[in-house]
Amino acid sequence: MLFAIGFLLSINLVHDSFGYNIEYKIFGRQFFDTPLVCTYQPTLEQDPYLKQWGVDRLEESARLAVQDWQSALQVQEGKNTKDNWKINYKLLTEKDVQNNLQKDCNVIIEFYPIPTEKNEMYRVLGVTYSDDSGFKLIKIYYRDIQICKTSDEKYIYYNVCYGEGILMSEKLRTTITHEIGHALGLGHYQADDPKVNSVWAKGLVDAESIMAVFSHENSKLMKIKPIDVQKIKSIYTPNGFKPINTTPVLETPQPIFEPISEKPAEQDIPEWIKQNAKWWSSGTITDRDFVIGIQYLVQKDIIKVSEVRESTGIFTQEIPLWVRNNAKWWSEDKITETDFISGIEHLVKIGIIKIN
Ligand SMILES: [Zn+2]
(Lines give C-alpha, C1' and ligand atoms only; values in the text may rest on other atoms or scores of the structure.)
Protein backbone atom coordinates (compact mmCIF):
# COMPACT_ATOMS: atom_id res chain seq x y z
CA MET A 1 0.00 0.00 0.00
CA LEU A 2 3.01 2.25 -0.34
CA PHE A 3 1.55 3.97 -3.34
CA ALA A 4 -1.49 5.10 -1.38
CA ILE A 5 0.65 7.02 1.10
CA GLY A 6 2.61 8.71 -1.64
CA PHE A 7 -0.55 9.50 -3.41
CA LEU A 8 -2.33 10.99 -0.43
CA LEU A 9 0.73 13.00 0.46
CA SER A 10 0.87 14.62 -2.91
CA ILE A 11 -2.80 15.47 -2.80
CA ASN A 12 -2.27 17.08 0.57
CA LEU A 13 0.64 19.04 -0.83
CA VAL A 14 -1.45 20.38 -3.63
CA HIS A 15 -4.62 21.10 -1.75
CA ASP A 16 -3.75 21.77 1.86
CA SER A 17 -0.16 22.47 2.78
CA PHE A 18 0.79 24.69 -0.13
CA GLY A 19 -2.55 25.76 -1.41
CA TYR A 20 -0.98 26.37 -4.78
CA ASN A 21 1.80 25.31 -7.12
CA ILE A 22 4.35 27.62 -8.63
CA GLU A 23 5.60 27.55 -12.15
CA TYR A 24 8.75 29.47 -13.05
CA LYS A 25 9.43 29.26 -16.76
CA ILE A 26 12.77 29.89 -18.44
CA PHE A 27 13.56 30.62 -22.07
CA GLY A 28 17.16 29.41 -21.95
CA ARG A 29 20.47 31.06 -22.60
CA GLN A 30 20.17 34.41 -24.40
CA PHE A 31 23.69 35.88 -24.37
CA PHE A 32 27.04 34.41 -25.36
CA ASP A 33 29.21 37.27 -24.25
CA THR A 34 29.04 40.15 -21.76
CA PRO A 35 25.75 41.82 -22.66
CA LEU A 36 25.54 45.52 -23.44
CA VAL A 37 22.28 47.12 -22.31
CA CYS A 38 21.56 50.51 -23.87
CA THR A 39 19.03 53.26 -23.35
CA TYR A 40 18.14 56.10 -25.63
CA GLN A 41 18.06 59.42 -23.93
CA PRO A 42 14.34 60.29 -23.96
CA THR A 43 13.81 63.71 -25.56
CA LEU A 44 11.48 66.41 -24.33
CA GLU A 45 10.03 66.67 -27.84
CA GLN A 46 8.62 63.16 -27.74
CA ASP A 47 6.16 64.03 -24.97
CA PRO A 48 4.77 67.48 -24.15
CA TYR A 49 4.37 66.54 -20.48
CA LEU A 50 7.90 65.26 -20.01
CA LYS A 51 10.25 67.50 -18.03
CA GLN A 52 13.99 67.29 -17.66
CA TRP A 53 13.68 65.71 -14.19
CA GLY A 54 11.50 63.03 -15.80
CA VAL A 55 14.11 62.34 -18.46
CA ASP A 56 16.70 61.99 -15.71
CA ARG A 57 14.48 59.68 -13.67
CA LEU A 58 13.83 57.37 -16.64
CA GLU A 59 17.52 57.12 -17.43
CA GLU A 60 18.46 56.59 -13.81
CA SER A 61 15.87 53.82 -13.39
CA ALA A 62 17.31 51.93 -16.35
CA ARG A 63 20.86 52.31 -15.06
CA LEU A 64 19.90 51.16 -11.54
CA ALA A 65 17.95 48.16 -12.86
CA VAL A 66 21.00 46.99 -14.82
CA GLN A 67 23.17 47.54 -11.74
CA ASP A 68 20.72 45.57 -9.58
CA TRP A 69 20.98 42.55 -11.87
CA GLN A 70 24.75 42.74 -12.05
CA SER A 71 25.22 42.94 -8.29
CA ALA A 72 22.63 40.23 -7.60
CA LEU A 73 24.46 37.90 -9.98
CA GLN A 74 27.92 38.83 -8.69
CA VAL A 75 27.33 38.83 -4.95
CA GLN A 76 28.03 35.11 -4.36
CA GLU A 77 30.91 34.98 -6.84
CA GLY A 78 34.59 35.02 -6.01
CA LYS A 79 37.16 37.54 -7.19
CA ASN A 80 37.93 35.54 -10.34
CA THR A 81 34.36 34.85 -11.41
CA LYS A 82 32.69 38.20 -10.70
CA ASP A 83 33.56 39.41 -14.17
CA ASN A 84 31.63 36.53 -15.74
CA TRP A 85 28.41 38.19 -14.64
CA LYS A 86 29.22 41.69 -15.77
CA ILE A 87 26.49 43.59 -17.59
CA ASN A 88 27.58 46.69 -19.48
CA TYR A 89 25.36 49.72 -19.65
CA LYS A 90 25.41 52.61 -22.08
CA LEU A 91 23.30 55.71 -22.45
CA LEU A 92 23.07 56.35 -26.20
CA THR A 93 23.43 60.02 -27.00
CA GLU A 94 22.32 61.59 -30.26
CA LYS A 95 25.92 61.48 -31.41
CA ASP A 96 26.16 57.74 -30.66
CA VAL A 97 23.08 57.17 -32.80
CA GLN A 98 24.57 59.22 -35.63
CA ASN A 99 27.62 56.98 -35.45
CA ASN A 100 25.36 53.91 -35.46
CA LEU A 101 26.71 52.72 -32.10
CA GLN A 102 23.35 51.20 -31.16
CA LYS A 103 24.24 48.21 -33.35
CA ASP A 104 26.58 47.02 -30.57
CA CYS A 105 23.76 46.84 -28.03
CA ASN A 106 22.35 43.44 -27.09
CA VAL A 107 19.43 45.02 -25.28
CA ILE A 108 17.87 48.42 -25.95
CA ILE A 109 15.47 49.98 -23.46
CA GLU A 110 13.08 52.49 -25.02
CA PHE A 111 10.67 54.77 -23.19
CA TYR A 112 7.19 55.58 -24.44
CA PRO A 113 4.47 57.58 -22.67
CA ILE A 114 1.71 55.03 -23.35
CA PRO A 115 1.35 51.79 -25.33
CA THR A 116 0.55 52.08 -29.03
CA GLU A 117 -1.20 48.70 -29.06
CA LYS A 118 -4.81 49.07 -28.01
CA ASN A 119 -4.91 45.81 -26.03
CA GLU A 120 -1.92 46.92 -23.97
CA MET A 121 -3.57 50.13 -22.80
CA TYR A 122 -3.80 50.34 -18.97
CA ARG A 123 -2.66 46.72 -18.77
CA VAL A 124 0.99 46.73 -19.67
CA LEU A 125 3.80 48.70 -18.04
CA GLY A 126 6.52 47.20 -20.15
CA VAL A 127 7.19 44.56 -22.78
CA THR A 128 10.27 42.70 -24.04
CA TYR A 129 10.67 41.71 -27.67
CA SER A 130 13.27 39.27 -28.93
CA ASP A 131 14.50 38.61 -32.47
CA ASP A 132 16.26 35.62 -34.05
CA SER A 133 19.72 37.07 -33.53
CA GLY A 134 19.11 37.32 -29.77
CA PHE A 135 18.68 41.08 -29.76
CA LYS A 136 16.13 42.36 -27.21
CA LEU A 137 14.00 45.45 -27.33
CA ILE A 138 12.42 46.52 -24.06
CA LYS A 139 9.62 49.08 -24.22
CA ILE A 140 8.70 50.86 -21.02
CA TYR A 141 5.43 52.83 -20.81
CA TYR A 142 6.16 55.49 -18.26
CA ARG A 143 3.01 57.60 -18.05
CA ASP A 144 1.30 57.30 -14.67
CA ILE A 145 -1.95 55.30 -14.54
CA GLN A 146 -4.66 56.91 -12.46
CA ILE A 147 -8.35 56.71 -11.74
CA CYS A 148 -10.24 59.46 -13.54
CA LYS A 149 -13.71 60.73 -12.78
CA THR A 150 -16.21 61.77 -15.42
CA SER A 151 -19.90 62.46 -15.00
CA ASP A 152 -23.11 63.14 -16.86
CA GLU A 153 -26.44 64.38 -15.45
CA LYS A 154 -27.18 61.06 -13.79
CA TYR A 155 -23.97 59.24 -12.95
CA ILE A 156 -20.37 59.64 -11.96
CA TYR A 157 -17.98 57.29 -13.72
CA TYR A 158 -14.56 56.17 -12.56
CA ASN A 159 -12.15 54.91 -15.20
CA VAL A 160 -8.48 54.17 -15.49
CA CYS A 161 -6.64 56.83 -17.42
CA TYR A 162 -3.12 58.00 -18.13
CA GLY A 163 -2.08 61.00 -16.06
CA GLU A 164 0.32 63.73 -17.08
CA GLY A 165 3.01 62.62 -14.66
CA ILE A 166 5.37 59.69 -14.92
CA LEU A 167 5.40 56.48 -12.89
CA MET A 168 6.92 56.59 -9.42
CA SER A 169 10.58 55.67 -9.48
CA GLU A 170 9.87 52.42 -7.54
CA LYS A 171 7.40 51.29 -10.20
CA LEU A 172 9.71 52.27 -13.04
CA ARG A 173 12.67 50.47 -11.54
CA THR A 174 10.61 47.36 -10.76
CA THR A 175 9.22 47.27 -14.30
CA ILE A 176 12.62 47.66 -15.94
CA THR A 177 14.22 45.07 -13.62
CA HIS A 178 11.43 42.61 -14.46
CA GLU A 179 11.83 43.22 -18.21
CA ILE A 180 15.61 42.77 -18.03
CA GLY A 181 14.86 39.44 -16.33
CA HIS A 182 12.94 38.42 -19.47
CA ALA A 183 15.81 39.63 -21.65
CA LEU A 184 18.24 37.43 -19.67
CA GLY A 185 16.07 34.36 -20.25
CA LEU A 186 13.51 34.25 -17.45
CA GLY A 187 9.80 33.70 -17.89
CA HIS A 188 7.12 34.49 -15.34
CA TYR A 189 6.91 33.23 -11.78
CA GLN A 190 3.28 32.24 -11.46
CA ALA A 191 1.02 30.41 -9.08
CA ASP A 192 -1.73 28.16 -10.39
CA ASP A 193 -4.14 30.04 -8.14
CA PRO A 194 -5.20 33.36 -9.73
CA LYS A 195 -5.94 34.80 -6.29
CA VAL A 196 -2.33 34.33 -5.22
CA ASN A 197 -1.07 36.01 -8.40
CA SER A 198 -3.44 38.88 -7.84
CA VAL A 199 -2.25 39.43 -4.26
CA TRP A 200 1.36 39.51 -5.51
CA ALA A 201 0.45 41.79 -8.41
CA LYS A 202 -1.08 44.35 -6.09
CA GLY A 203 1.84 44.11 -3.68
CA LEU A 204 -0.34 43.02 -0.71
CA VAL A 205 2.14 40.17 -0.23
CA ASP A 206 5.68 40.19 -1.57
CA ALA A 207 6.23 37.58 -4.25
CA GLU A 208 9.41 35.51 -3.90
CA SER A 209 10.50 36.55 -7.37
CA ILE A 210 10.99 39.70 -9.42
CA MET A 211 9.39 37.73 -12.27
CA ALA A 212 5.95 37.58 -10.64
CA VAL A 213 3.53 39.63 -12.69
CA PHE A 214 2.73 42.89 -10.94
CA SER A 215 0.27 45.64 -11.71
CA HIS A 216 0.25 49.43 -11.64
CA GLU A 217 -1.48 49.23 -8.26
CA ASN A 218 1.75 47.94 -6.73
CA SER A 219 3.88 50.86 -5.70
CA LYS A 220 6.58 48.90 -3.87
CA LEU A 221 10.12 48.54 -5.08
CA MET A 222 10.27 44.86 -5.99
CA LYS A 223 13.71 43.30 -5.62
CA ILE A 224 15.57 40.53 -7.38
CA LYS A 225 15.18 37.46 -5.14
CA PRO A 226 17.54 34.48 -4.56
CA ILE A 227 15.36 32.23 -6.72
CA ASP A 228 15.79 34.64 -9.66
CA VAL A 229 19.57 34.47 -9.36
CA GLN A 230 19.43 30.68 -9.05
CA LYS A 231 17.28 30.47 -12.18
CA ILE A 232 19.68 32.63 -14.20
CA LYS A 233 22.62 30.54 -12.99
CA SER A 234 20.80 27.37 -14.01
CA ILE A 235 20.45 28.76 -17.54
CA TYR A 236 24.08 29.85 -17.98
CA THR A 237 27.29 28.00 -17.16
CA PRO A 238 29.62 29.07 -14.31
CA ASN A 239 31.25 31.19 -17.00
CA GLY A 240 28.21 33.40 -16.84
CA PHE A 241 27.61 35.50 -19.91
CA LYS A 242 31.11 34.88 -21.19
CA PRO A 243 31.80 32.47 -24.03
CA ILE A 244 32.58 29.00 -22.71
CA ASN A 245 35.81 28.40 -24.65
CA THR A 246 37.81 31.52 -23.77
CA THR A 247 38.30 30.70 -20.09
CA PRO A 248 38.82 26.96 -19.68
CA VAL A 249 37.15 25.73 -16.53
CA LEU A 250 37.28 22.36 -14.85
CA GLU A 251 34.30 20.19 -15.73
CA THR A 252 32.53 20.40 -12.42
CA PRO A 253 28.86 19.58 -12.45
CA GLN A 254 26.92 22.79 -12.42
CA PRO A 255 24.51 23.13 -9.56
CA ILE A 256 20.94 23.54 -10.68
CA PHE A 257 18.74 24.88 -7.95
CA GLU A 258 15.12 24.03 -8.33
CA PRO A 259 12.34 25.36 -6.14
CA ILE A 260 10.75 22.58 -4.12
CA SER A 261 7.31 23.20 -5.54
CA GLU A 262 8.54 22.79 -9.11
CA LYS A 263 7.13 19.79 -10.95
CA PRO A 264 9.43 16.73 -11.08
CA ALA A 265 10.86 15.60 -14.40
CA GLU A 266 8.07 14.23 -16.52
CA GLN A 267 8.10 10.80 -18.05
CA ASP A 268 7.34 10.80 -21.71
CA ILE A 269 3.66 10.16 -21.82
CA PRO A 270 2.28 11.28 -25.16
CA GLU A 271 0.04 14.33 -25.06
CA TRP A 272 -2.98 12.41 -26.44
CA ILE A 273 -3.13 10.21 -23.35
CA LYS A 274 -3.42 13.25 -21.16
CA GLN A 275 -6.13 14.57 -23.46
CA ASN A 276 -7.87 11.18 -23.15
CA ALA A 277 -7.63 11.37 -19.36
CA LYS A 278 -9.30 14.78 -19.46
CA TRP A 279 -12.08 13.59 -21.76
CA TRP A 280 -12.58 10.40 -19.78
CA SER A 281 -12.81 12.28 -16.48
CA SER A 282 -15.51 14.50 -17.94
CA GLY A 283 -17.39 11.54 -19.43
CA THR A 284 -16.71 12.51 -23.06
CA ILE A 285 -15.07 9.18 -23.90
CA THR A 286 -15.80 5.68 -22.59
CA ASP A 287 -13.85 3.61 -20.09
CA ARG A 288 -12.81 1.39 -22.99
CA ASP A 289 -11.27 4.28 -24.94
CA PHE A 290 -9.41 5.38 -21.85
CA VAL A 291 -8.03 1.90 -21.18
CA ILE A 292 -6.70 1.71 -24.75
CA GLY A 293 -4.43 4.56 -23.73
CA ILE A 294 -3.41 2.71 -20.58
CA GLN A 295 -2.61 -0.41 -22.61
CA TYR A 296 -0.36 1.73 -24.79
CA LEU A 297 1.51 2.86 -21.68
CA VAL A 298 2.00 -0.76 -20.61
CA GLN A 299 3.27 -1.73 -24.07
CA LYS A 300 5.75 1.15 -23.99
CA ASP A 301 6.82 0.07 -20.50
CA ILE A 302 5.85 3.40 -18.97
CA ILE A 303 3.54 1.55 -16.62
CA LYS A 304 5.27 -1.51 -15.21
CA VAL A 305 3.13 -4.55 -14.60
CA SER A 306 4.80 -7.56 -13.06
CA GLU A 307 2.00 -10.04 -13.63
CA VAL A 308 -0.72 -9.75 -16.17
CA ARG A 309 -3.79 -11.80 -15.39
CA GLU A 310 -5.79 -13.60 -18.00
CA SER A 311 -8.97 -11.83 -18.76
CA THR A 312 -11.87 -11.70 -21.10
CA GLY A 313 -12.97 -8.15 -20.49
CA ILE A 314 -11.26 -4.96 -19.59
CA PHE A 315 -12.73 -4.51 -16.15
CA THR A 316 -13.84 -6.83 -13.44
CA GLN A 317 -15.51 -4.08 -11.48
CA GLU A 318 -16.24 -0.44 -11.79
CA ILE A 319 -13.28 1.95 -11.79
CA PRO A 320 -13.27 3.77 -8.44
CA LEU A 321 -14.19 7.44 -8.48
CA TRP A 322 -10.79 8.57 -7.21
CA VAL A 323 -9.19 7.28 -10.42
CA ARG A 324 -11.43 9.55 -12.43
CA ASN A 325 -10.52 12.44 -10.14
CA ASN A 326 -6.85 11.56 -10.56
CA ALA A 327 -7.22 11.64 -14.32
CA LYS A 328 -8.88 15.03 -14.10
CA TRP A 329 -6.25 16.47 -11.76
CA TRP A 330 -3.43 15.08 -13.84
CA SER A 331 -4.90 16.61 -17.02
CA GLU A 332 -5.03 19.93 -15.16
CA ASP A 333 -1.44 19.52 -13.87
CA LYS A 334 -2.62 19.47 -10.26
CA ILE A 335 -0.92 16.15 -9.60
CA THR A 336 2.20 14.79 -11.23
CA GLU A 337 2.42 12.20 -13.92
CA THR A 338 4.11 9.90 -11.39
CA ASP A 339 1.13 10.15 -9.04
CA PHE A 340 -1.24 9.38 -11.87
CA ILE A 341 0.77 6.42 -13.09
CA SER A 342 1.15 4.87 -9.65
CA GLY A 343 -2.62 4.98 -9.26
CA ILE A 344 -3.11 3.20 -12.58
CA GLU A 345 -0.40 0.66 -11.75
CA HIS A 346 -2.25 -0.16 -8.58
CA LEU A 347 -5.49 -0.78 -10.50
CA VAL A 348 -3.70 -3.03 -12.95
CA LYS A 349 -2.04 -4.92 -10.11
CA ILE A 350 -5.20 -5.58 -8.19
CA GLY A 351 -6.92 -6.53 -11.41
CA ILE A 352 -9.51 -3.81 -11.76
CA ILE A 353 -8.04 -2.84 -15.10
CA LYS A 354 -7.07 -5.85 -17.18
CA ILE A 355 -4.38 -5.54 -19.76
CA ASN A 356 -4.56 -8.05 -22.61
ZN1 LIG B 1 6.76 39.90 -17.62
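1. Is glutamine 67 buried, exposed or partly exposed? A quick check to start with: glutamine 67 has 13 other C-beta atoms within 10 Å. Burial takes 20 or more such atoms, and exposure 12 or fewer, so glutamine 67 comes out as partly exposed. Glutamine 67 lies in helix 2. Asparagine 88 is 21 residues away from glutamine 67 in sequence, and the two C-alpha atoms are 8.9 Å apart in space.

2. Before going further, a word on confidence. This is a predicted model. The mean pLDDT of the protein chain is 81, with 82% of the residues at 70 or more. Helix 1 (residues 2-17) has the lowest confidence, at a mean of 36, while strand 3 has the highest, at 97. I'd flag residues 1-17, where the pLDDT is below 50; this stretch has 15 contacts in the model beyond near neighbours in sequence. The pLDDT is also below 50 over residues 308-313, and that stretch has six contacts beyond near neighbours in sequence.

3. Now the overall picture. The protein chain has ten helices and nine strands. Of its 356 residues, 30% are buried. Taking contacts with a separation of 6 or more, 67% are between residues 24 or more positions apart.

4. Five strands make an open sheet in the order 3-2-4-6-5, with mixed pairing. Strand 3 (88-92) and strand 5 (126-130) are at the edges with a single partner strand each, so one side of each has no neighbour in the sheet. From one strand to the next the twist averages 20°. Helix 4 (residues 169-184) packs on this sheet and touches strand 4, strand 5 and strand 6 (136-141); the direction of helix 4 makes about 20° with that of strand 5.

5. Strand 2 (residues 36-40) and strand 4 (residues 107-112) are parallel, over three bridges, and cysteine 38 stands opposite isoleucine 108 in strand 4. Strand 4 is also parallel to strand 6, over six bridges. There, isoleucine 108 stands opposite leucine 137 in strand 6.

6. Five of its six residues are buried, so strand 6 is largely enclosed by the rest of the structure. Strand 5 pairs with strand 6 in the antiparallel sense over five bridges, and glycine 126 has isoleucine 140 in strand 6 as its bridge partner. The two strands form a hairpin with five residues between them, and glycine 134 in the turn has a positive phi of about 95°.

7. Back to helix 2. With 23 residues, helix 2 reaches 33 Å from first C-alpha to last, close to the 33 Å expected at 1.5 Å a residue. The buried residues of helix 2 are Leu58, Ser61, Ala62, Ala65, Val66, Asp68, Trp69 and Leu73. Their cover includes strand 2, strand 3, strand 4, helix 4 and helix 6.

8. Finally, helix 6 (residues 226-235). Asp228, Lys231 and Ile232 are the buried residues of helix 6. Viewed down the axis of helix 6, the buried residues fall within an arc of 95°, so they line one face of the helix. In general, an α-helix has 3.6 residues a turn, so residues three or four places apart point the same way. The buried residues of helix 6 pack against strand 1 (22-26), helix 2 (52-74), helix 4 and strand 9 (186-191).

Note on methods
Residues are numbered from 1 along each chain as its sequence is written. This is a predicted model: local features need pLDDT of at least 70, side-chain atom pairs count only at pLDDT 80 or more; totals for chains, interfaces and linings use all residues. Helices (H or I, at least four residues) and strands (E, at least two) are DSSP runs, numbered from the N terminus. Two residues are in contact if their C-beta atoms, placed from the backbone, lie within 7 Å. Two strands pair if DSSP finds at least two bridges between them. Axes are lines fitted to C-alpha atoms, for helices over the stretch in contact, and angles run from 0 to 180 degrees between N-to-C directions. The arc is that of the directions from the helix axis to the C-beta atoms. pLDDT is the predictor's confidence in each residue, from 0 to 100. The expected span of a helix is 1.5 Å times one less than its number of residues.
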